[in-house]
Amino acid sequence: QVQLVESGGGVVRIGESLRLSCVVSESIGNDDIMGWDRQAPGKQREVVATVTGAGVTNYANAVKGRFTISSDNAKNTVFLEMNSLKPEDTAVYYCNWRQYRFRAYSPTYWGQGTQVTVSS
């Protein structure tokens, strides 16, 4: 059974930083896609950032220049470095992973979520 275990959430002040981690229970391949989504109260879940196993990244406009997604494939871990945090970054952050095997992507696997709260 695939498991994604997140850590690193918490309460910070405006302008501070947090680093989220997500450990995947299986090996990460170069064509796999890992990402972080978030969901704020009363809002739809949205994509924050994605990274392939080969290191190609994409970011939502709202976090470009402030957040950095990366992966350590040897440790099956995905990171989200969040800097210059704003109150609107407050949300539950979910790690996700799509495995590429046999020329097809698996369904998306999700972590349990970790709360990030940015207070003034």
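Author: A term to begin with: partly exposed means a relative accessible area between the two cut-offs, under 20% being buried and over 50% exposed. By that rule E46 is partly exposed, because its relative accessible area is 38%. Keep in mind that this is a predicted model.

Reader: Which residue does E46 form a salt bridge with?

Author: R38, and the closest N and O atoms are 2.7 Å apart.

Reader: R38, buried or exposed?

Author: R38 counts as buried, because its relative accessibility is 6%. R38 also forms a salt bridge with D89, where the closest N and O atoms are 2.9 Å apart. D89 lies in the loop between β8 and β9 and R38 in strand β4, residues 33-39, so this pair ties together parts that are 51 residues apart in sequence.

Reader: And D89, buried or exposed?

Author: Buried, with a relative accessible area of 0%. Through shared partners, salt bridges join R38, E46, R66 and D89 into one network.

Reader: How many salt bridges does the count come to?

Author: Five. One of them is between E81 and R19, with the closest N and O atoms 3.6 Å apart. E81 lies in strand β8 (residues 77-82) and R19 in strand β3, so that pair ties together parts 62 residues apart in sequence. E81 is partly exposed at 29% relative accessible area, and R19 is partly exposed at 45%.

Reader: Now the sheet. What is the order of the four strands?

Author: β1-β3-β8-β7, an open sheet with antiparallel pairing. β1 and β7 (67-72) are at the edges with a single partner strand each, so one side of each has no neighbour in the sheet. From one strand to the next, the twist averages 15 degrees.

Reader: How many bridges join β1 to β3?

Author: Four, and the two strands run antiparallel. In β3, S21 is the bridge partner of S7, and C22 is the bridge partner of E6.

Reader: Different topic. Where does Q99 lie?

Author: In the loop between β9 (91-98) and β10 (100-101). Q99 is buried, with a relative accessible area of 14%.

Reader: What does the side chain of Q99 make a polar contact with?

Author: The side chain of E26, at 3.3 Å. Leaving out residues up to four places away in sequence, Q99 touches E26, D32, A104, Y105 and S106.

Conventions:
Residues numbered from 1 in each chain as written. Predicted model: local features only at pLDDT ≥ 70, side-chain atom pairs only at ≥ 80, totals over all residues. Heavy atoms only, no water. Pairing = 2+ DSSP bridges. Axes fitted to C-alpha atoms, helices over the stretch in contact; angles between N-to-C directions. Buried < 20%, exposed > 50% of the residue type's maximum accessible area, 1.4 Å probe, protein only. Polar contact = N/O pair within 3.5 Å; in protein donor to acceptor, adjacent residues only side chain to side chain. Contact = heavy atoms within 4.5 Å. Salt bridge = Lys/Arg side-chain N within 4 Å of Asp/Glu carboxyl O.
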